[in-house]
Amino acid sequence: MEKLSSIGQFEWLRNRILSKTTEDKSVVHVCMTGCRAYGAASVKDALVEEVEKQGLSETVEIRSTGCHGFCAKAPVIGFEPMGIQYQEVTPEDAPEITAKTLKENQLIERLAYKDPKTKVPIYHLDQIPFYAKQEKRVLKRCGRIDPTSVEDYIAAGGYQAIVKALTKMSPDEVIDEVLSAGIRGRGGAGFPTGLKWKFARQAAGQPKYIICNADEGDPGAFMDRAMLEGDPHAVLEGMLIGAYALGAAYGYIYVREEYPIAIDHLNIAIEQLQELGLLGENILGMGFDFDLSLKMGAGAFVCGEETALMASIEGKRGMPTARPPFPAQEGLDRKPSNINNVETFANIPLIINKGAAWYGMVGTEKSKGTKIFSLAGKVNNTGLVEVPIGATIKDVVFEIGGGIPQGREFKAVQMGGPSGGCVPKQFLNLPIDYDTIQKIGAIMGSGGMVVMDENNCMVEIARFFLSFTQSESCGKCAPCRLGTTQLLKILTQITNGEGRMEDIQTIKDLGETITSASLCGLGQTCAKPALSTLKYFTKEYEDHIKEHRCSGAVCDSMVISACQHACPAGIDVPNYVAAIACGNYKQAVDIIRERNPFPAVCGRICIHPCETKCRRGELDEAIAIRTLKRFASDWYFENIGMAKEPFPIIYSEKIAVVGAGPAGLSCAYFLSQMGYKVTVFESQKVGGGMLGIAVPEFRLPREVIEEEIKYIESCGIEICYNTPIDAKRTVNDLLREGFNSVFIAAGAQASKQVGIPGEELALSGLLYGLQFLTDIRLGEKIVLDGKVIVIGGGNVAFDAARTALRMGAQDVHIYYRRGIEEMPAWEKDIEEAVEEGVIINPFWSPGKIIHDKEKVTGIEFIGSKAILEPDGKSYIKVEKDRTLKVDADTIIISIGQAPDSSFISEDSQLERSLWGSLEVDSNTLTTNVDGIFAGGDYITGPTTVISAIASGRRAAIAIDKYLIGAKGPIRIIDEKTQFEETAGLALDEETTEEKPRIQIEIENPVARTKDFREVEKGFTEDQARIEAGRCLRCDLEER
Amino acid sequence: MNPTEMDWEKLSEILAQHQGKKWGLIPLLQEVQEGFGFIPPESIESIAETLNLYPSQVQGVITFYAGFSSEPKGKCVLKVCRGTACHVKGGKSVLRLIQKNLDLKEGETSPDYQFTLETAACLGACFLAPAMMVDREYYGKLNPIKVTSILGEYRKEKGED
């Protein structure tokens, strides 16, 4: 390449390059940076070979490019001018791609992006949601040009901006343009770039230095890396313009050593500029001298801090110095210096080329332009994203990022790395800009966004960041050096289960001190991860300290295996799964019964938090734990049946339990196991509570619940049916009758009313969900025909709707005031209901019931939606101008249940809680009256079977403790079963063969709605053993 | 090569290129690190002389930066990413598995100088999480099966030598 000594020569070169790029040539863009780890190099080689073999070398160019952004689908390749993208391409695809797509313009469906829901292929880049919602300005060339080719950059309009600046603008005009563009530092601090330049220009002293901070050290950030790897010339052009504007004669670009590809590409680019004469003396004959060199970091995070970075360039230990003097006055070599971040420099050519007005067309009032984010963690579409500043977090994480994998719950997004904080769910609708994110305790930062889901522990995340900052603290100032050590120690103690409640206040105090007293940014911001998680996830801290519970099931000290920890009852899942894998089904059920006397029920209707947390789910799919439980317990009842003899009674104390639901019976079962005599009082004629009277036959067959109760009775528990505890025979009477303690588990069985006109009349055709289900379950003949409307979105609403279908309703509609994804009902039940023909109408609130003299004829709805408030709660907003009238023959209201406290006499000393139940201690379930305990749904409101069972066991432990006279809180920790099974470690098999989860068979929707047959089928023995063999046995991992 | 034996010739070649260079300590140390796989303690005085520094200044810089090591490293250097994205995607278990597989702890080198196990604050390969680097190769979306097979490959290479 010849040296260019004038603007004219540059123009000549540009024209020559443009004339060589023929429009009719197809170009295939192969990402050779990020995608390299997935074999992009062999894909490229295969394509080059095929194109040659099939004689297309003249018309097709295979180009190595930088990142295309959609890293989750690597390796990706793009086709121009077709504008399409193929994903997860392998070298084996090359012949077909060449023969079909390149030769015949045919699309290959297999390689296209598929809509995750509809599975419809989307070929065109601008139609793939990941790209469609982005605004690619800075990243426009990244992934389209060969980063090692300066010609490609020039052909794409590169170095036009420096030419414009040199020929048409004075240095002050350049600074004014940057100032009025309103760009703020993209490294995170957000200081206006123009202002920074102005200070450096005004500073006295020569020479001046311009420095590019490419020491991208924030864990979770990879924007700068992609920029440098994919479009290095854009950054260098920005530096050239900056150097011209502030009069710098020399520049450094400081890159971290962990980025070998970026360093290679930059070195190539710098060499090219030197050859072209765009670096050196008298650049383009315009009298502008500037040279630049690359400095490689040596692995110290603190060097991202500008004063430390300059010390490192000088070859010293990278320690920060106090400011002032600011680098603009005294920086590198004590000369005026200016430092900007990679992305900031990459924005500059755009501003000069297109002008400040164009630049400011996107962004917010105080923060102009776009921002690049690296999206990683628990999000489907990990990758590189560029959006206008002011886009919402939801846009980035859900619209572009495609949401959370495996349908898990979003917990928070970590922004700004170790200097930032966690942004929880309630802020999803907030715009991302410097000031807004700062206000809620995080920072926009350099652009790293790490998404966390329900399987992450926020205390542990805080500890993780502190361990990072503690080890990266340079040690120069005491607040940071000692403070990070102390903070880390406290956080480690909490995650180790050794925390104390006063630690929470210490973290806050210490955090404030470190923030205000530290020398540099590292120390000043290092407490943020702890303070922000503490602010938004206080309960997680408290649970770790008080209950030894880690909601993410992450902290080793309290978690043996994630599945066991996730189970409210704490069943030793891996051991019973292993027992099933070994064919030892009796042992499996024995293990389950150590914590849960309802294995067959939970094998059918448990919401299985264990499966959500299953580690195998990270690999492919979770183990089908629930269905395995069903298999083992069904086998047990078929082959073994009832207990051989009741539990022996050891103690003289007697205990009464009010309510024979899952909580009451579990409490009775475990007390009885401990050696107490227990009597259960049940007002209904059948046991099981909600299970016995409300859960429909097609989800839980009658004989299953009957057998479970019979088994519990066979263990020696006495159940008195049709024996209400009420005003005639009160709880106090039970104590007087000689019971030493009473556990109240009366359930939540009173249907809530909506409170709309018409509801107060005793209309025919107006039903309440729970009562309706109970009537049918207890054998009452209810004939439904015509149109049924169900109001509500919970499990009872769905059970009612599906039951209505089976009772002969012509069509069944569910109306719900929020969106479908906000329905509390179990997703599986929603899917099954829709399959059966139930129609769901979201965003409608009931307005009034329309009726004739005695009968329901229809209902009027008002439009509504849920608004998420910054306090984390969501409120219903009614849209009065949107109304809907529908005809109905039957209306079933299922908007929730409340406890029925009518059995407690008015003069009872029992202290009531706000929602009509009793006030209890959440740890020991004690009421204000000595010896009386209460739990289950009655206390918490409707929850799940497994929570009720856990509550019953907690009560049993608390009552035992009370009876033996011990004081203090109880602590229920995960324990290994006494029946350990060491076999079945899927990890030890050195096979890479895939073992997908065995799908559970389901009855055909048309056939099943004709009667009340059980919808779901269980596993066969073979299926169960294979599925159980998939378990990774996390419990056997060494800790 | 026996890593404990000092190759003075190689050192003086490197030093010759850096004689008296301004701000040259870090680039010089990087070259020594690259050439020897570590910075031999006996080289410190010569390095100091080359750049007109005190040996203590050189030592101070070596200990400050994680990129420099005064102990020899193995043929394959594994850098397991401990960044946020890898962390939330189970990087800890990956590290644990590798430790078990190689029987090495963080920062240790195998007695036969084949493997060194290190961790990196963040490899900037978050889209690959959980990720690691073996020498200059990136490996991503690691799971137990993948880790076992990658380590197997590097062991095989070693066996063929």
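Biologist: What share of the contacts in chain B between residues at least 6 apart in sequence join residues at least 24 apart?

Modeller: It's 63%, where a contact means two C-beta atoms, placed from the backbone, within 7 Å. Mind you, this is a predicted model: local features need pLDDT of at least 70, side-chain atom pairs count only at pLDDT 80 or more, and totals for chains, interfaces and linings use all residues. Residues are numbered from 1 along each chain as its sequence is written, with chains lettered from A and ligands numbered from 1 in the order in which they are written.

Biologist: What is the mean pLDDT of chain B?

Modeller: The mean is 88, with 95% of the residues of chain B at 70 or more; pLDDT is the predictor's confidence in each residue, from 0 to 100. The model's ipTM is 0.90 and its pTM 0.89.

Biologist: How many helices and strands does chain B have?

Modeller: Seven helices and four strands, taken as DSSP runs numbered from the N terminus: H or I of at least four residues for helices, E of at least two for strands.

Biologist: What makes residues such as A:C480 and A:L487 in α17(A) buried?

Modeller: Both count as buried because 20 or more other C-beta atoms lie within 10 Å of their own, with C-beta atoms placed from the backbone (12 or fewer would be exposed, in between partly exposed).

Biologist: Why do the buried residues of α17(A) line one face of the helix?

Modeller: Seen down the axis, they fall within an arc of 165°, so they line one face; the arc is that of the directions from the helix axis to the C-beta atoms.
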